[in-house]
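Hello,

I am passing on to you the structure we spoke about, which is a predicted model. Please open it beside this message and follow the notes below as you look around.

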Amino acid sequence: MNDQTPFRSPEWLRRDAIDALQFHRERSVDTHFGGYVAQVSDRDGAIYDSRTKHLVPTARFVFAFSVGELLDGPVWCEPAAEHGLSYLRNVAYDEERDGYAWLFEGREPTDETRSTYGHAFVLLAYATATRAGIGDVADRIGETFDILDERFWEAEHGAFASNRTADWEPAEPDYRGQNANMHATEALLAAYEATGEERYRSRAATVAETIARDKPDEADGLLCEHFTSDWEVDWEYNRDEKADLFRPWGYQPGHMLEWAKLLVRLHHHDDAGWYLDRAERFFDASVTDGWDDERGGFYYTIDREGEPIVDAKYTWALEEGLGAAARLGATTGDDRYWSWYDRIHDYLHEYATNRSLGIRYERLTPDGAIHPSIDETPKVKSGYHHVNACYEVLESLDAV
């Protein structure tokens with residue numbers, strides 16, 4: 001490994017993470033309504049919506065500021081994380097009907113959907129805060145797991161179902177998705193690492209077996225995104241909405257990279273023999289077919305023949321590539337992963353980094369320019385992938 005590469009320096013990685021947190025600490029901590037302002041421009045840091053609150057960026061900010069504390073960051077990391085924990089518990093949580101609402105105007109819920117994806121991030125927030133010693137929320141880990149277990153878990157399929165209404169009726173009875181299950185796995189691993197409780201590791205392993213092993217084996221060997229209520233691969237879902245922000249048609253290299261990272265983490269907690277092989281398969285598919293060899297960056301989606309469908313470049317996929325490459329490089333000793341780490345980071349630094357503000361541009365054109373819709377999609381920004389990538393690499397380097 002080339003120790004001279006600046007992007008592998010623990011000091012550089014810590015500074016990069018803290019710079020991103022500093023940007024959001026100055027703009028996103030909302031002292032009026034509570035929680036965080038997540039509608040902040042990547043171009044100039046201007047706030048374009050100070051009232052709308054979302055469950056997921058709220059939980060992601062708690063995670064990010066908790067990571068800042070784990071990195072021995074500035075003294076404001078702890079109160080910034082506690083600020084979001086208060087909003088989660090006192091505003092987002094529904095004491096009467098249980099669970100967390102999805103969307104708010106100030107402190108008033110405007111969409112009370114119970115989202116599998118959202119509850120996974122709430123679990124991640126509580127687990128990471130607990131690991132960082134922030135707040136008295138260790139009991140919330142078990143409480144949130146119980147909600148996921150009782151309300152969303154489909155034991156016969158070994159995975160979590162899709163969204164529910166505020167009264168816990170199925171909101172999408174015909175749909176099942178891998179994305180929420182991927183983030184549930186991430187949160188379960190965090191819960192296990194925070195508490196040592198076996199049930200969290202065991203559930204993460206079960207979801208991984210279903211989503212990252214069994215379902216790909218039933219298809220092309222790659223990560224399928226969408227399923228029917230019987231957990232059959234749905235090859236037609238959103239075929240007419242190929243660029244959908246959350247559920248596009250086709251394979252997503254970014255999600256395969258995200259799973260590669262999670263599978264390496266599982267490998268270190270479990271003696272199952274398949275994790276590394278599948279992580280390497282997902283990584284290889286992502287860099288072979290998902291990487292734009294001419295212009296750089298990962299395509300948003302590719303088809304079953306490995307051809308690009310949507311060739312816009314989303315920065316979160318690059319961040320996940322860093323974490324996957326570092327995890328695989330450190331675990332296997334194969335320098336090709338570190339070579340890919342350098343290649344991804346070079347592109348990220350050249351095209352996707354707003355160096356004047358210390359943050360990323362969330363979306364680029366196929367040619368690497370700032371996308372015209374940068375402040376429209378995605379509408380919420382939290383620095384989650386950016387800070388998480390720094391932390392994943394630092395853990396891989398045994399520098400945390």
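The largest nonpolar core holds 129 residues, and those that touch the most other members are L88, Y100, W259, L263, F283 and Y341. Helix α4, which runs over residues 116-132, gives the most to this core, with eleven residues. If you pick out F283 and leave aside its neighbours within four places in sequence, you will find this residue in contact with L257, A260, G321, A324, A325, L328, Y337 and W340. Another core lies apart from the largest one and has five residues, including F23, V37, L357 and I359. As a general background, nonpolar side chains in soluble globular proteins tend to be buried together.

Helix α4 deserves a look of its own. Since 15 of its 17 residues are buried, α4 is largely enclosed by the rest of the structure. From its first C-alpha to its last, α4 reaches 25 Å, which is close to the 24 Å expected at 1.5 Å a residue. At the N-terminal end, S115 caps the helix, with a side-chain oxygen 3.2 Å from the backbone nitrogen of Y117, while after the helix comes G133, whose phi is positive, near 75°.

Finally, the model has three cavities of 30 Å³ or more, and the largest cavity contains about 150 Å³ of space. Its lining is made up of 14 residues, of which F63, T128, R131, R265 and Y391 lie nearest the centre. The elements that give two or more residues to this lining are α2 (55-70), α4, α6 (178-195) and α12 (384-396), and α12 provides the largest share, four residues.

Best wishes

Methods:
Residues are numbered from 1 along each chain as its sequence is written. This is a predicted model: local features need pLDDT of at least 70, side-chain atom pairs count only at pLDDT 80 or more; totals for chains, interfaces and linings use all residues. Side-chain values use heavy atoms; hydrogens and water are left out. A nonpolar core is a set of buried Ala, Val, Leu, Ile, Met, Phe, Trp, Tyr and Cys residues joined through side-chain atoms within 4.5 Å. Buried means under 20% relative accessible area, exposed over 50%, partly exposed in between (1.4 Å probe, protein chains only). Contact means heavy atoms within 4.5 Å. The expected span of a helix is 1.5 Å times one less than its number of residues. A polar contact is a pair of N or O atoms within 3.5 Å; within protein, one must be able to donate a hydrogen and the other to accept it, and residues adjacent in sequence count only if both atoms are side-chain atoms. On a 1 Å grid over the protein atoms alone, a cavity is a set of points where a 1.4 Å probe fits but cannot get out, and a pocket is an open set with protein on both sides within 12 Å along at least five of seven lines; lining residues have an atom within 4 Å of a point. Grid points are joined across faces, edges and corners, and a volume is the space filled by probe spheres set on the points.
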